[in-house]
Amino acid sequence: MSEAPTAPRPAAQTPSGGRAGFYAIWLIAAAALIVLPLIFSSGGSLTSFSLIGIAIVFALSYNILLGQTGLLSFGHAVQYGLGGFLAVHVMNAVASYNWPLPLPLIPLAGGIGGLAFAIVIGWVMTKRAGTVFAMISLGIGELVASSSLILRSVFGGEAGITTDRTALPHVFGWTFGSQLQVYYLIAFWTMISAIAMYALTRTPLGRICNAVRDNPERVEFIGYDPHVVRYLAYGFSGFFAGVAGGLAAINFEIANSAYLGATQSGLVLFAAFIGGTSHFFGPILGAIVVTYLQLDLTDLTTVWQLYFGIIFIGIVMFAPGGIAGLLMMHRPLIRAGTLGTVIPSYLVAALPTLALALGVILSIETVARYTSSEGDGNVINLLGVPFNATAPTTWLAAAVLVIGGFLIARLSWRRVAEAWDRAATSARDRGYLA
Amino acid sequence: MTRSGMIPAIEIKSVQKNFGSVSIIRDLNLSVAKGERHAIIGPNGAGKSTTFNLISGHIKPSSGEIRLNGDVISGLRPFEINRRGLSRSFQVTNVFAHMTVWENVRCAVLWATGHRYAFWKNVDNLPVVKQRTAEILDDIHLTHRRDVPAGLLTYAEQRELEIGVTIAGGASVVLLDEPTAGMSHAETERAVSLIRRLTENRTLVIVEHDMSVVFGIADRISVLVYGQIIASGTPEEIRGNRQVKEAYLGEEAR
């Protein structure tokens with residue numbers, strides 16, 4: 001497939017004609033958030049939606065650093081976690097001193113927690129970008145995570161600190177005892193945060209963040225101190241990470257050291273990267289996918305982390321623009337009306353690629369269950385077809401699917417690439433692709 | 001600026017720059033009057049780009065003093081010097097590759113129009129910024145390419161954008177580092193007329209290898225050899241200078 005760095009950012013000039021469409025997207029998103037629990041009303045889906053909302057805010061806050069300013073952080077969960085802890089402490093204080101602070105404002109406390117830490121630590125951290133920043137963020141992440149286990153009075157040690165969200169003053173009769181009410185609280189903050197973070201990209205600071213990402217040296221020669229720009233971006237990112245942490249504290253009614261740790265920092269990097277960092281909506285897609293996988297894969301297989309790794313490596317190698325990048329590379333083709341010439345090749349490629357994927361899954365599961373000592377059962381259920389991990393036929397089927405699928409898929413991928421080149425060339429000829 | 005026109009736009013006094021034990025700039029003295037178009041020429045490795053790096057704050061002098069409009073600027077950071085009204089271009093195109101042409105120029109306009117680090121204004125709703133950006137794009141003939149990412153421009157277009165980004169902030173002193181390097185004859189002619197037009201009423205210091213460009217633009221020329229100015233004068237004086245012929249022009253004419 002051809003590379004797609006040519007896709008103009010959606011955040012570029014909004015033509016006056018596209019303005020109505022632009023507001024429509026936000027309104028549709030808001031409407032979807034309101035309607036969603038009416039369609040999927042089970043407790044499980046409400047919990048999933050709540051977690052996805054939190055993950056979206058967190059991933060978008062991460063992308064202020066990675067996608068917008070070019071800062072690769074390995075310790076973004078620090079701001080998330082500290083926001084969560086501050087939120088829990090404020091909630092407990094509100095409950096015990098009867099402060100007139102209702103629960104819907106608690107995410108602000110989380111944001112302030114994340115922002116405060118970013119203000120304190122950020123000036124030193126953002127002095128340099130690149131590897132130096134990445135390494136310091138890793139170090140700070142480990143430092144705070146390990147401190148959280150030592151400072152028991154603040155972080156509650158292994159157990160963490162619990163709270164009761166229903167003990168806060170009620171507004172309009174909302175007790176937030178039910179998951180549905182919590183979902184709406186999270187959906188509200190997800191919407192507000194997403195709008196605010198999008199608006200940030202459309203300000204002078206947001207534009208200069210992009211300039212610092214592209215070329216910090218030149219920024220100095222148009223009047224800006226890249227250090228200040230990075231520091232401000234770090235502050236905003238910390239604030240919204242804290243909001244996400246505060247939402248998590250409300251949702252789980254607990255804050256513990258897992259909030260701050262490397263796993264959490266890794267997950268947000270995954271989400272942003274899989275979704276695509278060069279488009280604003282990329283991390284939203286990434287957060288949805290990663291949270292969904294995290295919730296559902298764990299039920300299906302014990303080696304879910306392996307699939308995570310495979311997906312991540314696949315994205316890094318074959319689609320560095322992430323899901324958003326893959327989608328957006330079709331935009332010029334749609335405009336030029338040449339998308340139709342690519343679709344048939346996609347359909348042809350779908351079958352052998354699916355066979356290859358199933359083969360890989362079958363191989364992984366067979367090996368995992370065969371070697372597992374915990375006795376998860378030897379029967380693998382793949383698309384309704386049961387396979388026995390100990391049966392030689394299963395091994396054979398896996399091998400046939402992987403090898404056969406790969407050989408045929410490779411031919412079909414070549415046809416996709418050829419169809420793509422033709423479509424892109426004609427789009428370029430018509431001036432829809434630079 | 002208020003006192004008189006006698007204060008030079010740029011004044012370099014006995015500046016030295018050593019990298020380790022290697023002395024790149026040995027004893028540099030240079031004065032550029034306000035409104036002057038001053039070319040610095042010299043053989044490769046003479047220290048022309050280093051001189052630009054020193055003036056623009058990219059590197060700090062080992063000793064000596066540099067003044068901009070009478071104020072000492074040596075030791076300041078590049079953005080501090082830029083805010084005092086000095087801007088520079090780069091020999092190798094140095095723009096914001098993933099941003100569009102429009103955004104490149106607009107970023108260069110933002111500080112000068114007072115918007116700085118503002119995070120409470122919509123960047124698309126700033127009429128002065130919009131107007132100045134459009135003017136600059138018009139000046140550098142890139143209006144029709146405004147939505148193209150800078151990294152996808154042709155080489156000549158990138159060089160024009162480089163000049164556009166350099167002058168967009170409205171600096172009174174402009175340093176251009178080999179603006180026509182690598183250009184074809186026709187492109188060079190276009191660039192020269194562009195430079196002449198865009199630097200009207202500004203002070204221009206230009207480093208250039210192409211002698212037709214130098215003699216076509218400059219009011220005064222300084223010849224830099226081994227980190228020292230060996231001659232400074234009008235184009236005619238420089239043409240007639242025996243020392244210069246030996247050190248530089250002679251080599252070329254051979």
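1. Strand β4 (residues 63-68) pairs with β5(B) in the antiparallel sense, over two bridges. One pairing to look up on screen is B:Leu68, whose bridge partner in β5(B) is B:Asp71.

2. Those two strands belong to an open sheet of four, and the order in chain B reads β2-β1-β4-β5, with antiparallel pairing. At the edges you'll find β2 (22-32) and β5 (71-72) of chain B; each has a single partner strand, so one side of each is left without a neighbour in the sheet. As a reminder, strands of a sheet pair through backbone hydrogen bonds, either parallel or antiparallel.

3. What lies across this sheet?

4. β3(B) is joined by four bridges to strand β8 (residues 203-207) of chain B, and the two run parallel. Four bridges also join β3(B) to strand β9 (residues 220-225) of chain B, again in parallel.

5. Is β3(B) buried or exposed? Five of the five residues of this strand (residues 37-41) are buried, so it is largely enclosed by the rest of the structure. In a regular strand the side chains alternate between the two faces of the sheet. Here both faces are covered: B:Arg37, B:Ala39 and B:Ile41 are buried on one side, and B:His38 and B:Ile40 are buried on the other.

6. On to where the chains meet. The contact draws 39 residues from chain B and 28 residues from chain A. On the chain B side, the elements that give two or more residues are α2 (78-83), β6 (86-88) and α3 (101-110) of chain B. Which of them gives the most? That is α3(B), with six residues. By residue type, the chain B side divides into 21 nonpolar, nine polar and nine charged.

7. α3 of chain B turns up again if you look at helix α8 (residues 204-214) of chain A. The buried residues of α8(A) pack against α3 of chain B together with α2 (43-69), α7 (179-201), α9 (216-219) and α10 (226-252) of chain A. The helix is mostly covered, with eleven of its eleven residues buried. The buried set includes charged side chains, among them A:Arg207, A:Arg213 and A:Asp214.

8. Stepping back to chain A as a whole, you have 17 helices and four strands. Its radius of gyration is 24 Å, close to the 22 Å that the globule rule gives for 434 residues, so chain A is as compact as a globular protein of that length. Along the principal axes, its C-alpha atoms fill a box of roughly 70 × 60 × 45 Å. Buried residues account for 44% of the 434. Of the contacts in chain A between residues at least 6 apart in sequence, 80% join residues at least 24 apart.

9. Mean pLDDT is 91, and 94% of the residues in chain A reach 70 or more. Within chain A, confidence is highest in α10(A), at 98, and lowest in strand β3 (residues 379-382) of chain A, at a mean of 76. Residues 1-15 of chain A stay under 50, although the model has 32 contacts for them beyond four places in sequence. Where pLDDT is low, the predicted coordinates should not be read in detail.

Terms used: Residues numbered from 1 in each chain as written. Chains lettered and ligands numbered in written order. Contact = placed C-beta atoms within 7 Å. Rg over C-alpha atoms; globule rule 2.2 N^0.38 Å. Buried ≥ 20, exposed ≤ 12 C-beta atoms within 10 Å, placed from the backbone. Pairing = 2+ DSSP bridges. pLDDT = per-residue confidence, 0-100.
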